[in-house]
Amino acid sequence: MREAFKKIGLYWQPLGGNNPDQISGHCYRYTDIRSAGKNGQKSSTSLLVDLGKFDNYKALGVKNAAAAVPDIRDILADKKNAPGALLLTHSHPDHLNGIPHYIKAGYTLPPVYGGKYTLMILYDLLTEFNIPRRLWPKFNVIKNGDKLKLGTLNIEVVPASHTCFDSFGFIISSADTCVYHTGDMKIDQAACFRKPTDLKRLQELAAKIDYVVVDFYGISSDGFAVSEITTYLRLVSLIKESKKNKIFLPVYPTHPEMYLIAFMAALKCKKNVVFYGNVDFFGYLKLLSEYGISFEKMAKDRIKVSYSHDTEALLPLENNYVVIGTFNDVPDVFDADRKNAFGIITASTFFNPLKGQFNLHNIKFVTVDDYPELQGYGHAFWGDIEKLNQTLAQRPCFIPTHCPIFMIDDVRNLADFCKVRLIDKTPRNNQIFRLEKNKAQLVSERPAKWLTVVYNSPDSAYFVEVLQQPTSGKGFLKRTISQRRSQRKFKAYMLKRKRNG
Ligand SMILES: [Zn+2]
């Protein structure tokens, strides 16, 4: 690894964000090499951003594997360039859940830096894994606008519009260049209950930012990711138009902002709310209240809120309510049928069994296939990237991540047309780039690996390495983004833009 860092400069290395075909297992490393002292000595400052788990581990074919994580063993073992911090962009498992497995496999992790909500989730995660406190990394709470100094690097925390609280991007500055690492984000300025992506601050930094390591999720018809307000308005109109008393509104478990959007839609329609879901769902709901969100306060006596669906708990709701939660069944207690009930499914695949339940009870429902805006994505689509490019005065070089690498190759024509400058060489996991002021130079490439995690006992795990390879059609994540479909979309969008001048 060390031979990659021969020259002075800032180096960037994706370890699990630029995969052959899946979007999972995120982890990135930054290393800054500077001269120190007279004898040609050099200083080294390293940090990691995120340490997620790779969801499709079953497709890797390792017997008894419980998970898979990016391979950062060499990085942790390299004392000379050891990372001094693990910055956490947000709390989603594909960015966070590698942490307990590394600790279980006997590794010591650098201090973690994350938002209040992110660290609440991490606290629960490490507790759930029964990890003794002496093995936990040091927790540092950060918030929007914070400025940190780590060795020769300066880091500014900027807010990101994403589907959970305290989602951040990081402005990472070295002596000669500056990178905006967006984390999962979209431009959406109408994000609920938290600060959206801060375009004003980014504009102030435009003259300084040379690179954007950007979340890239493909393309939508108008280019942009769905705004939260669009999702909210669609929910309100669907509830109203249904003219039904009982609305079933399942939400994706790890997207708490959807719990709030669904609640606000119920409130707008003057419908009481029943929270109903699995253990995980109530866990997240508890976290929301510990975080400081009160549904009772929001309700202000205008509607009633129930956390139980017992017959007795339902009585005061007078058969007029929205059932919000992660549920794949419709219990008889709701007494729901075609005449009194309606379903709104806000995520694909996760709620497939619920569709059968609705049919069984003869309940009409709509899904994200009918109204794609119900899904409420939190990622940067091409329009978001273009907006970012404008905000940053068309200066920076964009390094797309969080997407299958073929999407980067396939979007190049569109990028040229839109005057978005992309990194010359499509980055793959485990490559190392030296980020010069005007050019990202590939300085090292070795095959990337996933480490599957096998547990000897609940307290001890070991890693089995597997070369990273396409896993579509195998394991849990059968469907990934289809290359042909995304190519078609890029082409169609470019034609549309050309027609519109
Ligand atoms: Zn995320």
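The legends below describe close-up views of a predicted model.

Residues are numbered from 1 along each chain as its sequence is written. Because the model is predicted, local features need pLDDT of at least 70 and side-chain atom pairs count only at pLDDT 80 or more, whereas totals for chains, interfaces and linings use all residues.

**View 1. The two assigned domains and their contact.** The domain assignment, with bounds from an automatic or database source, gives domain 1 as 2-223 + 377-499 and domain 2 as 228-374. Taken over C-alpha atoms, the centres of domain 1 and domain 2 are separated by 33 Å. In the contact (C-beta atoms, placed from the backbone, within 7 Å), 13 residues of domain 1 meet 11 residues of domain 2. On the side of domain 1 that touches domain 2, H4 gives the most, with 3 residues. By class, that side of domain 1 has 10 nonpolar, 2 polar and 1 charged residues, where Ala, Val, Leu, Ile, Met, Phe, Trp, Tyr, Cys and Pro count as nonpolar, Asp, Glu, Lys and Arg as charged, and the others, Gly among them, as polar.

**View 2. Packing of helices H4 and H8.** Helices (H or I, at least four residues) and strands (E, at least two) are DSSP runs, numbered from the N terminus. Helix H4 (residues 116-128) packs against helix H8 (residues 279-291) at an angle of about 135°, with their axes 11 Å apart; axes are lines fitted to C-alpha atoms, for helices over the stretch in contact, and angles run from 0 to 180 degrees between N-to-C directions. H4 and H8 are therefore oblique to each other, given that angles under 35 degrees count as roughly parallel, over 145 as roughly antiparallel, 65 to 115 as roughly perpendicular and the rest as oblique. Tyr117, Met120 and Ile121 of H4 meet Leu287, Glu290 and Tyr291 of H8, and the residues of this contact of H4 with H8 divide into 5 nonpolar, no polar and 1 charged.

View 3. Within helix H12 (residues 382-391), Trp382, Asp384, Ile385, Glu386, Leu388 and Asn389 are buried; a residue is buried if 20 or more other C-beta atoms lie within 10 Å of its own, exposed if 12 or fewer, and partly exposed in between, with C-beta atoms placed from the backbone. The cover over the buried residues of H12 includes strand S12 (211-215), strand S19 (397-401), helix H14 (412-417) and helix H15 (483-499). Just after H12, Ala393 takes a positive phi of about 60°.

Methods. Two residues are in contact if their C-beta atoms, placed from the backbone, lie within 7 Å.
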